[in-house]
Amino acid sequence: MPMDKYRGISLQKELVGTIENYINTHPEMGYKSLADFVTDAIREKCEKLGIFTVESALPSLEHFNISEQGVRVLDRTLGNGTARGRIIDVYFKPEKVLCEYCDSSSCRHVQFALSIPAVQKIVQEKGWRIKE
Ligand SMILES: [Zn+2]
């Protein structure tokens, strides 16, 4: 990855330890690293404060390609040096909704997918009971 795209910041050890502990004990949230968490947290704050410009104020999670098999979700918090986000597949299984990226049924991608009215309709029409 091109290093000139990144800058480091210093955080209090205690704060970092607390967050790392949270990440490790909550794998269902889908944070793979401290940087993932911090990026997501900062983005959320910036969205609230209206800091981003129109171009960068795109929502961190966006859905497309809803089908009976699942939903594709674009996660803009998971970008890397070349991509501005990562496409994540959330599958509808008979008894649950599964995120392939987090290997979880309760991560933020699944929660996001279940918040989409079109998805709720599919789930309802199928008569699936999705356990949250
Ligand atoms: Zn996920």
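Reader: How many aromatic pairs does a search of the whole structure find?

Author: Keep in mind that this is a predicted model. The search turns up 2 aromatic pairs. One of them joins Tyr22 and Phe37, with 6.3 Å centre to centre and 65° between the planes, which makes the pair edge-to-face.

Reader: Is Tyr31 buried or exposed?

Author: The general idea is that a residue counts as buried when its relative accessible area is under 20%. Tyr31 has 12%, so it is buried. Tyr22, at 31%, counts as partly exposed.

Reader: OK, on to the metal. Which residues coordinate the zinc ion?

Author: For a metal site, start with the donor atoms, then look at the angles. Here the zinc ion is held by the SG atoms of Cys99, Cys102 and Cys107 and by ND1 of His109, at 2.0 to 2.3 Å. Along the chain, these donors follow the spacing C-x2-C-x4-C-x1-H.

Reader: Why does the site of the zinc ion count as tetrahedral?

Author: Four donors get that label if all angles lie between 85 and 135 degrees. The 4 donor atoms here give angles of 105 to 116°, so the site is tetrahedral.

Reader: What about the surface: which residues make the nonpolar patch?

Author: For a patch, check who contributes and how much area there is. Ile9, Leu11 and Leu15 make a nonpolar surface patch of about 280 Å². Ile9 lies in the segment before α1 (13-25).

Reader: Let's zoom out. In what order do the elements of the protein chain run?

Author: Read them from the N terminus on: α-α-β-β-β-β-α-α. That gives 4 helices and 4 strands. As for burial across the protein chain, 33% of its 132 residues count as buried.

Technical notes
Residues are numbered from 1 along each chain as its sequence is written. This is a predicted model: local features need pLDDT of at least 70, side-chain atom pairs count only at pLDDT 80 or more; totals for chains, interfaces and linings use all residues. Side-chain values use heavy atoms; hydrogens and water are left out. Donors are N, O and S atoms within 2.8 Å of the metal (3.2 Å for Na, K and Ca); water is not among the atoms, so sites may look incomplete. Four donors count as tetrahedral if all angles lie between 85 and 135 degrees; four count as square planar and six as octahedral if opposite donors are over 155 degrees apart and all others between 65 and 115; anything else is irregular. Patches are made of residues with over 30% relative accessible area and no salt bridge: like charges are joined within 9 Å, nonpolar side chains (Val, Leu, Ile, Met, Phe, Trp, Tyr) within 5 Å. Accessible areas come from the Shrake-Rupley method with a 1.4 Å probe; for residues, only the protein chains shown count as cover. A salt bridge is a side-chain nitrogen of Lys or Arg within 4 Å of a carboxyl oxygen of Asp or Glu. Helices (H or I, at least four residues) and strands (E, at least two) are DSSP runs, numbered from the N terminus. Rings of Phe, Tyr and Trp (its six-membered ring) pair if their centres lie within 6.5 Å; planes under 30 degrees apart count as stacked, over 60 as edge-to-face and the rest as tilted. Buried means under 20% relative accessible area, exposed over 50%, partly exposed in between (1.4 Å probe, protein chains only).
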